[in-house]
Every structure is written in C-alpha cells, then in structure tokens.
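These are my notebook entries on one structure. I looked up the surroundings of the ligand and the contacts of the aromatic rings.

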Amino acid sequence: MAQSGDKFACLTCYDATTARWLERAGVHVLLVGDTASEVILGFDRTIDMPLDVLLALTAAVKRGAPNTLVMGDMPFMSYQADEASALRNAARFLTEGRADVVKLEVDATFAPLVAKMTRAGIPVVAHVGSKPQQAMLSGGYGSKGRTAEEAASIVRDAITFEQAGAVMLLVEAVPDEVAAEILKHTSVPLIGIGAGTACHGQVLVLHDLIGLTDSPPRFASPVASLGPSFENAGREWVRRVADGSIGGVRYTMKPGEVRRFRDLLESGLPLTDAPDRPA
Ligand code: KIV
C-alpha cells in the first residue's frame with residue numbers, strides 16, 4: 001500500500017473480540033500497544049506493562065484477526081537490558097504472541113540490536129520521535145522534534161533504522177516537517193501518530209478514537225462516543241435488575257418435571273445428603 005500511495009490504517013487493539021470487528025472493518029494493521037498498561041490495566045504509565053500479559057493479549061488479537069497484520073509492542077525492559085534477552089523476548093512475540101512484527105521505542109544506539117533481530121528473522125518496526133517509555137527521563141509525554149537539532153536527530157534515527165533492517169518506521173508526536181523529511185530519506189512504510197498526514201499509514205489508540213478516553217491527546221479526534229453509550233447501558237441494566245425486567249429467554253423444566261419436582265420435595269426428599277462438594 002505504501003508503494004502504491006494508498007494510505008493504510010492502524011489501530012491499537014488488545015482483545016480478540018475487538019480484533020474480530022476491526023478486521024471486518026478493514027483496518028490494515030492492529031497494534032497491541034503497551035498503552036494496554038493504561039487503557040486495559042489502569043496504570044498511568046506505559047512502563048508498567050508486564051511482558052507476559054502483553055504476549056497473551058497479542059495472541060488474543062491474532063486469534064480474533066487472523067488475516068490482519070498484528071504488531072506486538074515490546075514493553076519497557078523487555079529489550080533494553082541486554083541483547084540476548086531482547087532477542088528472546090522479540091522471538092516470543094512471534095511464537096507465543098503470533099505477531100507479524102514487533103515494535104521497539106528506540107534511538108540510534110539500538111541500531112545494532114535491530115540489525116541482530118533482523119538477522120534472526122524478526123521483522124522490526126522502529127518507533128521514533130516521542131517515546132512514552134522514556135517519559136521519566138524526558139519530563140513526561142509530549143511532542144518531539146520542535147527544535148532543528150531534535151528534528152534532525154529524529155530523521156537521523158529513522159535513516160539509521162532503515163539501514164539496520166527495520167521493515168517499518170513509526171513516528172509519534174512530531175511536526176509535519178519531521179515526518180516529511182523521514183519520508184524523503186527512507187523507503188520503508190512510515191506510520192504516523194500525531195505526525196501529520198503525509199505518512200503512509202496512521203495509527204491511533206482505539207480508545208481515543210471511539211470516545212472511551214476522558215482526555216484524549218490533541219492529535220486524536222474521536223469518531224464515536226462509546227463512553228457515554230457504555231454508561232447508559234450500565235445504567236439501563238441497573239434499572240432493569242431493580243424492576244425485574246431483565247429480558248432474555250428463560251429456561252423451563254422438561255414436560256411433567258415441575259409436578260415431579262414438587263412431589264419429590266413434598267415426599268420429604270432429604271436435601272442435605274448430596275455428596276460433599278469440594279471446599
Ligand atoms: O503503545 C501504543 O499504543 C503505541 C502507539 C501510541 C503508537 O505505541
């Protein structure tokens with residue numbers, strides 16, 4: 001699609017049911033992001049995402065969307081500590097997680113690791129620009145590349161990762177000019193998030209798109225308002241439970257069994273001699 005100039009759409013996804021619907025919708029790439037830490041697990045930082053949980057979610061998404069490209073997001077400390085564990089953890093995304101590609105938030109110092117992963121047969125997406133896993137060092141989440149030096153270093157990182165073998169690049173929260181320069185100097189597909197419209201593909205956190213996030217980032221325009229819909233559904237269920245109008249179809253006893261049931265009870269059926277249940 002990048003070659004033919006057709007824009008491709010990517011969304012985060014964290015479960016099989018949602019993946020099934022997003023595949024039906026024709027979303028081209030599903031990113032099982034470490035934002036699951038925030039939107040699924042309720043932490044306020046992505047660095048709290050446990051590797052094993054993200055692997056399980058990745059496999060779930062692939063089960064729900066077997067015909068869609070699934071990107072597994074390597075969480076904090078699953079690739080920074082040493083290259084051997086980084087390679088093994090990346091491989092787990094392909095084997096246990098059934099991911100098609102893995103994504104790493106990186107600067108150029110990680111180029112040798114990306115080259116080793118590539119040599120091992122692991123397709124890598126290099127995430128540059130704003131890198132939420134670095135937020136404690138960089139003073140929080142926010143944009144990057146707003147000075148000439150920072151912009152140039154992001155473009156340099158992107159070029160370095162293509163040379164190291166990255167199959168795709170992802171750039172987050174940068175001015176349009178930065179994405180435009182990356183596009184000029186690289187040839188692999190570039191996914192943008194808050195990086196303007198020139199990128200080959202666009203990604204958003206699903207919850208920001210469908211109106212489940214209380215304060216979405218400035219670059220995310222919701223297309224739906226599911227938060228209030230969920231709230232209304234919850235409220236309606238509370239009301240139905242209270243007034244006994246729970247709906248659905250009830251179970252009935254087989255013909256003649258109600259009478260036999262009553263007879264049994266009336267005949268003094270001992271109700272207490274059932275075999276002991278395990279504690
Ligand atoms: O984890 C994630 O969801 C991401 C996107 C915000 C790009 O990395």
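Entry on rings. I take a charge to sit over a ring if NZ of Lys or CZ of Arg is within 6 Å of the ring centre and within 35 degrees of the ring normal. The model I examined is predicted. In it I found Arg-24 over the face of Trp-21, at 4.6 Å from the ring centre. I then looked up ring pairs and noted a count of 1 aromatic pair.

Entry on the shell. I listed the residues that surround the ligand: Thr-12, Leu-31, Gly-33, Asp-34, Thr-35, Asp-73, Lys-103, His-127 and Ile-193. Sorted by class, I recorded 2 nonpolar, 4 polar and 3 charged residues in this shell.

I looked up distances from side chains to oxygen atoms of the ligand. For Lys-103, I noted 2.8 Å between an N or O atom of the side chain and a ligand oxygen. For Asp-34, the corresponding distance from a side-chain N or O atom to an oxygen of the ligand is 2.9 Å. For Asp-73, I recorded a polar side-chain atom 3.0 Å from a ligand oxygen.

Entry on cover. I asked how much of the accessible area of the ligand the protein covers. On its own the ligand has 260 Å² of accessible area, and the protein covers 96% of this.

Terms used: Residues are numbered from 1 along each chain as its sequence is written. This is a predicted model: local features need pLDDT of at least 70, side-chain atom pairs count only at pLDDT 80 or more; totals for chains, interfaces and linings use all residues. Side-chain values use heavy atoms; hydrogens and water are left out. A residue is near a molecule or strand if one of its heavy atoms lies within 4 Å of it. A polar contact is a pair of N or O atoms within 3.5 Å; within protein, one must be able to donate a hydrogen and the other to accept it, and residues adjacent in sequence count only if both atoms are side-chain atoms. Accessible areas come from the Shrake-Rupley method with a 1.4 Å probe; for residues, only the protein chains shown count as cover. Ala, Val, Leu, Ile, Met, Phe, Trp, Tyr, Cys and Pro count as nonpolar, Asp, Glu, Lys and Arg as charged, and the others, Gly among them, as polar. Rings of Phe, Tyr and Trp (its six-membered ring) pair if their centres lie within 6.5 Å; planes under 30 degrees apart count as stacked, over 60 as edge-to-face and the rest as tilted.
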